[in-house]
Amino acid sequence: MLKWALIFAVVAVVAGLLGFGGIAGAAAGIAKFLFIIAVIGFLIFLAVGVFAGRKLTGR
């Protein structure tokens, strides 16, 4: 998902440089959304890993 966020960010920058403001804005919005979803997913999996690790080690 982070890969797609980076792709949309690059598309937004290229479209902005070429003067396509609408496409650049839409691509930037999609990139922001995907990045936030990726960060939330990372935090969820990090919390699950920490709690599962504690349960396995007994701490």
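Modeller: Start with alanine 28, which is partly exposed because its relative accessible area is 31%, between the cut-offs of under 20% for buried and over 50% for exposed (1.4 Å probe, protein chains only). This is a predicted model, where local features need pLDDT of at least 70, side-chain atom pairs count only at pLDDT 80 or more, and totals for chains, interfaces and linings use all residues. Residues are numbered from 1 along each chain as its sequence is written, and side-chain values use heavy atoms, leaving out hydrogens and water.

Colleague: Ok, and where does alanine 28 lie?

Modeller: In helix α2, residues 21–57. Helices here are DSSP runs (H or I, at least four residues), numbered from the N terminus.

Colleague: How are α1 and α2 arranged relative to each other?

Modeller: Their axes come within 8 Å and cross at roughly 160°. The axes are lines fitted to C-alpha atoms over the stretch in contact, with angles from 0 to 180 degrees between N-to-C directions. α1 and α2 are therefore roughly antiparallel, a label for angles over 145 degrees.

Colleague: Which residues make the contact?

Modeller: Contact means heavy atoms within 4.5 Å. From α1 they include Trp4, Ala5 and Phe8, and from α2 they include Ala28, Leu34 and Phe35. The contact residues divide into 17 nonpolar, one polar and no charged. Nonpolar covers Ala, Val, Leu, Ile, Met, Phe, Trp, Tyr, Cys and Pro; charged covers Asp, Glu, Lys and Arg; the others, Gly among them, are polar.

Colleague: New topic: how many aromatic pairs does the structure hold?

Modeller: One. The rings of tryptophan 4 and phenylalanine 8 have centres 6.5 Å apart and planes at 40°, so the pair is tilted. Rings of Phe, Tyr and Trp (its six-membered ring) pair if their centres lie within 6.5 Å; planes under 30 degrees apart are stacked, over 60 edge-to-face, and the rest tilted.

Colleague: And how far apart are those two along α1?

Modeller: Tryptophan 4 and phenylalanine 8 are separated by about one helical turn, because they sit four residues apart in helix α1 (residues 2–18). Phenylalanine 8 is partly exposed, at 26% relative accessible area.

Colleague: What about isoleucine 37, where is that?

Modeller: Isoleucine 37 is in helix α2, and it's partly exposed at 33%. Isoleucine 37 and alanine 5 are 32 residues apart in sequence, yet 9.7 Å apart in space, C-alpha to C-alpha.

Colleague: And how far is alanine 28 from phenylalanine 45?

Modeller: Their C-alpha atoms are separated by 26 Å, with the two residues 17 apart along the chain.

How values were computed: Angles under 35 degrees count as roughly parallel, over 145 as roughly antiparallel, 65 to 115 as roughly perpendicular and the rest as oblique.
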